Amino acid sequence: MTSISEQLSDALGIMVMGMGLVFIFLSILIIAIGIIAKLFPAPEATATATPVPATPCAPGHTGLDPKLIAAITSAIHQYRAK
């Protein structure tokens, strides 16, 4: 049977080795993604957006059907009444 200090030493060594391997793997991954991003750049957007003309509408006009608004309002009142 080994002493507790030897076990803690082994555990510390395994932890440092594991964290080091993860750090190295992530570093290699970041470098690889950077290289690939430089080799294959994203296509640039060449289409220009055309502005949508504003449609004049009456003040207070929401563009929704009044019957739909009445049905939703009725459903909310019925739900809250329960």
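Tutor: Helices (H or I, at least four residues) and strands (E, at least two) are DSSP runs, numbered from the N terminus. The model is predicted: local features need pLDDT of at least 70, side-chain atom pairs count only at pLDDT 80 or more, and totals for chains, interfaces and linings use all residues. Residues are numbered from 1 along each chain as its sequence is written, and side-chain values use heavy atoms, without hydrogens and water.

Student: How far apart are the end C-alpha atoms of residues 12-37?

Tutor: The chain has 2 helices and 0 strands. Residues 12-37 are 100% helix and 0% strand. Their end C-alpha atoms lie apart by 37 Å.

Student: Does Val 22 count as buried, partly exposed or exposed, and why?

Tutor: Val 22 is located in helix α1, residues 4-39. Buried means under 20% relative accessible area and exposed over 50%, with partly exposed in between (1.4 Å probe, protein chains only). Because its relative accessibility is 48%, Val 22 counts as partly exposed.

Student: What share of the 82 residues counts as buried?

Tutor: The same cut-off of under 20% applies to the chain. Of its 82 residues, the share that counts as buried is 0%.
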